[in-house]
Amino acid sequence: MRSTRRGARRTAALTALAAAPLLLSACGGLEGTGDLQYVSGEGNVLEVPPSERGEPVDLSGESLQGEPLDLADSRGEVTVVNVWWSGCGPCRSEMPMLVEAAERMPGTTFVGINTRDPGLGTAQAFEREVGVTYPSLYDDTAAPLLAFPPPYTPQSMPSTVVLDEEGRVGALISGEIPSALTLEQVVESGAGDRASGSGKSTLLSCLAGTDEPDGGTVRIRDKRLSHQSESVRARMRGRNIGLLFQSSNLLAHLTVRQNVALAQRLARAAEPTPVAAVLDSLGIASRAHAYPSQLSGGELARAGLAVALANDPVVLLADEPTGELDHATESAVLNLLRVRAAAGVAVLVASHSPAVAAVADRVVRIADGRVVS
């Protein structure tokens with residue numbers, strides 16, 4: 001990896017590393033499904049551990065627009081399959097949220113299944129009304145639902161099934177999805193299972209110089225970082241790289257100001273940005289003398305970012321920086337990362353959060369140590 005600085009100008013971008021997520025999402029029972037085991041739930045998520053997932057779901061047919069639709073085409077991405085019909089109140093209630101989620105979750109495929117509307121015209125009119133942009137398979141026999149293995153066969157309306165990258169059932173919500181945050185958390189949770197062992201954190205360790213790659217080299221500002229002595233790598237890391245983690249990178253016995261000052265001393269920067277200026281740029285100057293235990297979740301995130309930026313790095317490496325944050329705080333942190341990227345810092349984030357992928361200039365997906373897209 002190479003990052004260069006020429007004069008006062010830098011070319012930078014916010015890049016997200018992701019192991020692509022999972023997906024999922026009752027107005028009455030479904031007819032024509034036979035004597036299948038019923039999965040109860042009133043908006044409760046039923047997740048399937050990776051070791052217990054069966055074969056990929058094999059389902060194809062025609063969309064409401066008469067185009068061929070095959071779930072196999074979306075393998076390699078998490079797929080959200082929502083079962084709906086236009087006369088179902090909860091279906092109508094959750095549909096706008098699903099439409100919005102489809103727009104802001106890159107790398108995730110959304111597909112609908114309609115088995116109850118009496119004709120194509122009724123279903124098509126509802127899609128136009130709500131602004132649905134993703135395709136829905138139409139079959140008034142309910143046969144498509146049998147493609148999902150029991151006990152994960154949708155038997156209430158609405159239902160949402162999340163398929164993992166291999167097309168296997170990863171989760172099911174029987175009933176209306178409680179909230180957009182619930183949907184995101186289900187996707188992230190599924191992605192977390194898939195992300196385990198994907199190699200994202202190992203890659204970041206190699207890029208930061210805390211681990212050595214088996215092949216190739218890591219370069220920063222035209223200088224080789226990898227395959228150097230630990231002292232050389234530590235010096236280069238301190239002067240060029242900022243590190244941000246999911247868990248706080250603050251020392252509990254130091255104030256926010258002292259944490260940033262310590263990071264600057266360790267970096268041995270010739271002309272470090274004044275600590276007050278660093279804190280002010282992140283909107284946390286008023287908490288300079290507070291200890292980590294006295295900070296809110298949002299303040300902790302900002303203080304951690306202040307430490308990562310203390311040495312005015314050319315590269316910022318972040319490993320799951322929003323994994324423990326609520327939606328509002330995550331958005332605030334991502335806005336700060338975007339500001340830094342716009343200022344010339346190369347920001348690389350390892351995450352399975354759709355929100356992170358949505359704001360990135362580039363998304364690289366890896367699985368089992370290999371780039372998949």
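This is a predicted model: local features need pLDDT of at least 70, side-chain atom pairs count only at pLDDT 80 or more; totals for chains, interfaces and linings use all residues.
# Notebook: loops, rings, a strand and a pocket

**Entry 1: the loop with the prolines**

I started with proline 151, which sits in the loop between strand S7 (136-138) and strand S8 (159-163). I checked the peptide bond between proline 150 and proline 151, and it is cis, with omega about 10°. Then I went along to proline 158, in the loop between S7 and S8. A cis peptide bond joins methionine 157 to proline 158, and omega there is about 0°.

Is alanine 142 buried or exposed? Its relative accessible area is 4%, so I put it down as buried, the cut-off being under 20%.

Next I jumped to aspartate 312, in the loop between H8 and strand S13 (315-319). Aspartate 312 isn't a glycine, yet its phi is positive, about 50°. I got a relative accessible area of 40% for aspartate 312, so I wrote "partly exposed", because that label covers values between 20% and 50%.

**Entry 2: aromatic rings**

How many aromatic pairs does a search of the whole structure find? I got 2. One is tryptophan 84 with phenylalanine 126: the ring centres are 5.3 Å apart and the planes are at 40°, so I call the pair tilted. This pair links distant parts of the chain, with tryptophan 84 in strand S5 (residues 78-84) and phenylalanine 126 in helix H2 (residues 120-130), 42 residues apart. I found both tryptophan 84 and phenylalanine 126 buried.

Phenylalanine 110 and tyrosine 134 also make a tilted pair, 5.8 Å centre to centre with 40° between the planes. Phenylalanine 110 is in strand S6 (residues 108-114) and tyrosine 134 is in the loop between H2 and S7, so this pair ties together parts 24 residues apart in sequence. I have phenylalanine 110 as buried at 4% relative accessibility, and tyrosine 134 as buried at 8%.

While on rings, I spotted arginine 116 over the face of tryptophan 85, at 5.0 Å from the ring centre.

**Entry 3: strand S13**

Why do I call S13 largely enclosed by the rest of the structure? Because 5 of its 5 residues are buried.

Then I looked at the neighbours of S13. S12 and S13 run parallel and are joined by 5 bridges. In that pairing, glycine 242 has leucine 316 of S13 as its bridge partner. S13 also runs parallel to strand S14 (residues 346-350), again with 5 bridges. There, the partner of aspartate 319 is alanine 350 in S14.

**Entry 4: the largest pocket**

Last stop: the largest pocket, with a volume of about 550 Å³. I counted 23 lining residues, and those nearest the centre are Gly238, Ala263, Leu266, Ala267 and Val307. Which elements give two or more residues to the lining? I listed helix H5 (230-240), strand S12 (241-245), helix H6 (256-267) and helix H8 (297-308). Sorting the lining by type gave me 12 nonpolar, 7 polar and 4 charged residues.

Methods
Residues are numbered from 1 along each chain as its sequence is written. Side-chain values use heavy atoms; hydrogens and water are left out. On a 1 Å grid over the protein atoms alone, a cavity is a set of points where a 1.4 Å probe fits but cannot get out, and a pocket is an open set with protein on both sides within 12 Å along at least five of seven lines; lining residues have an atom within 4 Å of a point. Grid points are joined across faces, edges and corners, and a volume is the space filled by probe spheres set on the points. Helices (H or I, at least four residues) and strands (E, at least two) are DSSP runs, numbered from the N terminus. Ala, Val, Leu, Ile, Met, Phe, Trp, Tyr, Cys and Pro count as nonpolar, Asp, Glu, Lys and Arg as charged, and the others, Gly among them, as polar. Buried means under 20% relative accessible area, exposed over 50%, partly exposed in between (1.4 Å probe, protein chains only). Rings of Phe, Tyr and Trp (its six-membered ring) pair if their centres lie within 6.5 Å; planes under 30 degrees apart count as stacked, over 60 as edge-to-face and the rest as tilted. A charge sits over a ring if NZ of Lys or CZ of Arg is within 6 Å of the ring centre and within 35 degrees of the ring normal. Two strands pair if DSSP finds at least two bridges between them.
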